[in-house]
Amino acid sequence: MKFKALTAIAALLAAPAFAGGADDDTLVLNGEIEMTTKVAAPAHMAETGIDEIISGWHFRSDETQQLQTDDFENQGMIFVDQGLETWQTVDGSEGKSCASCHEGPESMEGVAASYPKWNEEAGELRTVQMQVNDCRENRMGAKPWKYDAGVAINVEALIASQSRGMPVNVAIDGPVAAAWEAGKELYYTRTGILELSCASCHEENYGNYIRADHLSQGQINGFPTYRLKNAKLNGVHSRFKGCVRDTRAETYSPGSEEFIALELYVKSRANGLSVEGPSVRN
């Protein structure tokens with residue numbers, strides 16, 4: 001049975017790619033924020049042969065799509081509310097909260113659209129969660145959160161929600177160029193018993209049907225994402241971990257150097273799409 005299953009997967013992934021699973025619907029949030037969910041691929045993707053990048057929202061059922069259109073239906077917004085409570089809660093030796101320095105979360109507008117990004121003072125590429133933890137440690141005197149822990153995801157979702165509708169625009173040159181190249185290499189590297197890469201599914205086979213669902217292009221402009229499968233918000237590094245694990249390979253940990261680089265590369269493939277987080281997916 002095992003070999004039959006592997007043969008079936010191999011046959012599927014040998015099929016030509018097509019966007020048959022993507023519909024032509026329009027995503028409008030709360031009846032007022034029209035989202036860009038299809039746009040010309042960024043120049044750095046020219047060698048892939050993909051000329052249009054498509055939000056994962058287009059590959060979902062009408063029922064799942066509908067959940068994201070209204071904040072009262074989007075279960076992910078429950079966790080955004082919890083993130084707001086955390087934002088306002090004093091923690092650490094300095095007697096500060098996030099709001100002590102940044103006031104309302106609306107001050108985070110544009111952040112999710114540009115991260116991961118280079119932090120000149122620290123001399124490193126940082127994700128949103130890394131930046132939040134730096135503030136916790138060095139400004140609040142509080143303990144850093146475990147990467148992709150529930151509280152960290154809630155606050156990241158709160159921050160992401162302030163940029164909904166804004167185009168993703170992460171830098172891939174300058175001091176982040178080496179990390180971007182490392183992320184690109186990881187994206188195309190086949191791993192595990194199944195010998196699959198990120199590209200095997202999300203570049204070569206998007207639109208194809210697998211496990212009773214359509215493969216998307218794997219865009220991450222909607223993270224953090226509320227998944228109906230596990231009824232909670234999911235961080236992108238946890239999703240990376242699950243994908244690598246599903247190839248039957250040893251995987252990396254959320255917050256690892258490898259996944260930080262992969263996040264930058266995959267996020268750059270969404271340059272031009274609207275920030276959607278928190279999105280709703282299967």
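Cys101 is partly exposed, with a relative accessible area of 44%; here buried means under 20% relative accessible area, exposed over 50%, and partly exposed in between (1.4 Å probe, protein chains only). The model is predicted: local features need pLDDT of at least 70, side-chain atom pairs count only at pLDDT 80 or more, and totals for chains, interfaces and linings use all residues. Residues are numbered from 1 along each chain as its sequence is written, and side-chain values use heavy atoms, with hydrogens and water left out.

**Cysteines**

A disulfide is a covalent bond between the sulfur atoms of two cysteines. With the criterion of a pair of cysteine sulfur atoms within 2.5 Å, the structure holds 0 disulfides. Cys101 is in no disulfide, and its nearest cysteine sulfur belongs to Cys135, 7.2 Å away. That distance is too far for a bond. Cys135 is buried, at a relative accessible area of 18%.

The residues with a stated accessibility are listed below.

| Residue | Relative accessible area | Class |
|---|---|---|
| Cys101 | 44% | partly exposed |
| Cys135 | 18% | buried |
| Val275 | 2% | buried |

Helices (H or I, at least four residues) and strands (E, at least two) are DSSP runs, numbered from the N terminus. Two strands pair if DSSP finds at least two bridges between them. Strand β9 (residues 225-227) runs parallel to β11 and is joined to it by 3 bridges. Arg227 has Arg281 of β11 as its bridge partner.

Val275 lies in the loop between α11 (257-268) and β11. Contact means heavy atoms within 4.5 Å. Beyond its neighbours within four places in sequence, Val275 is in contact with residues including Met35, Ala112, Ala160, Met166 and Asn221. The C-alpha atoms of Val275 and Gly56 are separated by 12 Å, although these residues are 219 residues apart along the chain.

**Nonpolar cores**

A nonpolar core is a set of buried Ala, Val, Leu, Ile, Met, Phe, Trp, Tyr and Cys residues joined through side-chain atoms within 4.5 Å. The largest one has 36 residues, and Tyr187, Phe240, Leu262, Leu264 and Val266 have the most contacts inside it. Elements supplying at least two residues each include α8 (177-188) and α10 (236-246), while α11 gives the most, with 6 residues. Another core, of 21 residues, lies apart from it; among its members are Val111, Tyr115, Trp145 and Ala152.
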